[in-house]
Amino acid sequence: MYLPTSHAWAEGESLGAYLDKRGVSRRDFLAFCTEMTAILGLGSMMTPRLAQALAAQKRPTVVWLSLQECTGCVESVLRTAEPTIGDLVLDVVSLDYQHNIMAAAGHHAEAALQDTIAKNRGEYLLVVTGSVPLADGGIYTTIGGRTAKVILEEAATGAKAVIAIGACAHWGNIQAARPNPTGAVGVDAIVKDKPVVNIAGCPPIGDVVTATIVHFLTFGRVPALDYDGRPLFAYGARIHDQCPKRANFDAGQFVEAFDDEAARKGWCLYHVGCKGPATYSPCPIFLWNTRTSWPIGAGHPCLGCTERHFWDTMTPFYGRLPDVAGFGVERYADTFGAALAIGAAAGVAAHAIATGVHQMRQRRKLPVLETPSQGQGGGHGQD
Amino acid sequence: MAKTRVVVDPITRIEGHLRIEAQAEDGRITNAWATSTQFRGIEIIMQGRDPRDAWAFTQRICGVCTVVHAVASCRAVEDALDIRIPQNANTIRNLIHGMQFVQDHVIHFYHLHALDWVDVVSALSANPADTAAIARKVSLWPNNSETYFREVQNRLKTFVGSGQLGIFSNGYWGHPAYKLPPAVNLLAVAHYLEALDWQRDVIRLHTIFGGKNPHPNFLVGGMASAINLDSRATINAERLTDIHDMIARAQRFVEQVYWPDLLAIAGFYKEWAGIGGGTGNYLAVGEFPEADVRDPGSLYLPRGIILSKNLSKVWPYDEKLVKEYITSSWYEYSKGDDAGLHPYEGETKAKYTGPKPPWTYLQDEQKYSWMKAPRYDGRPMEVGPLARMLVAYGSGHEGARALVKEVLDRLEVGPAALFSTLGRTAARGIETVLLARRLSVWYDQFVARIKGGDTSTFNGDKWDPARWPAKAQGYGYLDAPRGALGHWVQIEDRKISRYQCVVPSTWNCSPRDKQGQMGPYEAALVDHHPLVKPDQPLEILRTVHSFDPCMACGVHVLDATGGLVTSVRVQ
């Protein structure tokens, strides 16, 4: 991905003309657009518009800054699901600066950055992975002798929009966990004058990044965001409400210890610490790595990594979420269901009852466990 | 001729933030400094946490080798609490880690290292028929036709013609140090692209056992992925078949693409077998325990130490002889800057004394890096594929010996050629072939055990903290793709009281110690090292990339008393 050589594109050529030349049929392209439409939750009415918008695009410039981070988010984007056409669409961009794969180094790399920023002022998309350490004058991350903060501010000034990929760029992530020794903050604590999209997760699923860029190119604006800057098409629902093990939860069928009989049946992981009930994430729907599996699907509790300050609010990871408002029904289902689940048929009944009650409560907008942003290092918009 | 000061910052095509400064004279490098310019403080953050959570925290040290800190952490905690994991869990960890090696080494070769040797622009003038002829001579890979290479070249031509060069902007194209004929450059460019699709496929093994990649999930006491052939939600025959086929595809690509490409390209750069050797001391903690992690005899890649390039003697490794120094690092010790501390006594106070940013040079500074300087019995040690292959070779590992011999014969060079930039890159390939083949052995053992009725993946005897001693400490070793790794954990009142990691890139990127001994990057850069055009430091990239730097790993501190003290002296 991001390899222009694999999908050479002539200057000034539209995507439509380019695809023709590359032997990608209009049918294939529309099939891809349909899939993207589905991921974006737009409904099939939008497919023609998406196809039209993409086909007319020239290659917009993308500048990718890697700041204080582990590079896991870059790796995640390298694993995006659509192997052929997905690469093509990501290749809609001209990636002019990206540390991990660019050929140039040192002065030549920095010259490429300055050049790109100057030539595409007001037009380019800025992608950021990694947090910005503010403590002690920013000395905890420097590139070419300059601090991460200075580099980000300079690159953000001329950007049309900013996409913050991963928990580090979102809110500071593990660096910002108690006691946040380097004063790490996310991008939206620095960039205030233009939209910042937070692709949450440690790391996020690469496909969410793809879809967000497609959205931006198609509609000329960033997708609708939740209270925390996360695109609703991906982060609009709790894991708990989309989980294939939800029926087990409602029926009181819980794993009590790893590798017990319940684990071998693939039952619910709530009792061994699953944070799905407090986590908004597309994991159960998008799945990971070309839709192979996902954490809960592989038998491990969710760590809650799409929520701010999860290293402090979701730990201990194997501790059960506390009883908070909103869990009353489930707790009831827990006890009630466990009694009934002795008989298999009764388990199904319990599922139906608990799910119905839960949905009623959801409709009444009863509170669920929200993740407080009381940790150090600056919450959303510096609170 | 006057000395020229050279700065390469950022070093790109690596993980993290690395700066190299050097001095060059008459086309040679005469002095070098390696600087880590990022600090994250993860071990400070781990204090007071549940030891069972530690793997997730340390895993976030690096998202490239996303397995290694998690497994090392599990091993350290399991050592401290005397937890024995089931054989299945050990095999699953080997499969995950083995695939990490194979995938990571291939990505390193094509996407991080290749552009140091491959001139992309030169591929434009290749005759695709020549490329196909070369490829067919060395490999059975199906994509070896003239048509295929012409297609790749056409894409490249259109791309270069567009004027938007993207990631290839400002490369050192046309530099005289590029030696490959156009046809071989085209071969490498084609496989650069193929490897991108391949890596996405084979790494799904992590997703099956760990739920995702990067950052798959692990578990103290075993693995969370239960085995039940009769459930759709666990490891079952469908999942096993997927794994089996992924291993087969991994092996095919390694043997039919990576290995032949490596040998073909190396043949044009034989002079690099005499450049960039460095310290001459090599450390391997060993990896892939095939029985008990506590038994070094069961390690597939053996443990040991080679000193002064002497392959006839492999010395035993003792973790007690590891100490870290801060003479050149932005930290202070209560015993003074010249003291060396074992990780169990590790203490750290970050103390930045460098110039106030923005700055130009660090080479005149006494302290110049966020990396500490680990030393083994006082010596700087190189770690990584070369160290492991040398230790394996010296220990009589049959597979390693055969492949080392194949490389030396093909290149018509003697064993001394191994101690070099080229040797490092070749060793990574040798290791990849060995491990890709070994994955099948582990897979077969795994299936045989399940067939025999053993489906256990977790030992929960010590899961409950009430069963832990009031105080415990443990050591978890692991040899990662980039080299020897150690985690040292101390647990008090069921919480982490001290956590120290000594990681591959700290060994390799370490700055000078109190004796002034250079770290391995620095020593390699002044070992018969050319630099023809100081404004286009291609040769520096070759040697630094041959180590496969992973900088996020390198910087870590946890104060013994829990108090982080940071003071900053700004010039």
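Two strands pair if DSSP finds at least two bridges between them. Keep that in mind for the sheet.

First, the ground rules. This is a predicted model, where local features need pLDDT of at least 70, side-chain atom pairs count only at pLDDT 80 or more, and totals for chains, interfaces and linings use all residues. Residues are numbered from 1 along each chain as its sequence is written, and chains are lettered from A and ligands numbered from 1 in the order in which they are written.

Let's take chain A. Its secondary structure comes to 17 helices and 9 strands. Those are DSSP runs, numbered from the N terminus: helices are H or I with at least four residues, strands are E with at least two. Of the 383 residues in chain A, 59% are buried. Buried means that 20 or more other C-beta atoms lie within 10 Å of the residue's own; exposed means 12 or fewer, and partly exposed is in between, with C-beta atoms placed from the backbone.

Now the sheet. What is the strand order of the open sheet in chain A? It is β2-β1-β3-β7-β9, 5 strands with parallel pairing. β2 (94-97) and β9 (196-199) of chain A stand at the edges. Each has a single partner strand, so one side of each is left without a neighbour in the sheet. On average, neighbouring strands are turned by 25° against each other, direction ignored. Axes here are lines fitted to C-alpha atoms, for helices over the stretch in contact, and angles run from 0 to 180 degrees between N-to-C directions.

Look at one pair. β7 of chain A, residues 159-165, pairs with β9(A) in the parallel sense over 4 bridges. A:V162 has A:V196 in β9(A) as its bridge partner.

Helix α7 of chain A, residues 148-157, lies across β1, β3 and β7, at about 165° to β1(A). Contact means that the C-beta atoms of two residues, placed from the backbone, lie within 7 Å.

Next, domains. An automatic or database assignment sets the bounds. Chain A has domain 1 (4-235) and domain 2 (239-363). Between them, 16 residues of domain 1 are in contact with 14 residues of domain 2. On the domain 1 side, α8 (166-171), α9 (206-219) and α10 (232-235) of chain A each give two or more residues.

On to the two chains. How many residues of chain B are in contact with chain A? The count is 91, against 82 residues of chain A. α6(B) gives the most to the chain B side, with 7 residues.

One residue ties this together. A:I174 lies in the loop between α8 and β8 (184-185) of chain A. Is A:I174 buried or exposed? It counts as buried, with 27 C-beta neighbours inside 10 Å. Leaving aside neighbours within four places in sequence, A:I174 is in contact with A:W311, B:I42, B:I45, B:F57 and B:R60. Its C-alpha atom is separated by 8.1 Å from that of A:H309, 135 residues apart along the chain.

Last, some backbone details. A cis peptide bond joins A:T315 and A:P316, with omega about 0°. Another cis peptide bond joins B:N213 and B:P214. A:D136 has a positive phi of about 55°, although it is not a glycine. A:D136 sits in the loop between β4 (132-133) and β5 (142-143) of chain A. With 17 other C-beta atoms within 10 Å, A:D136 is partly exposed.
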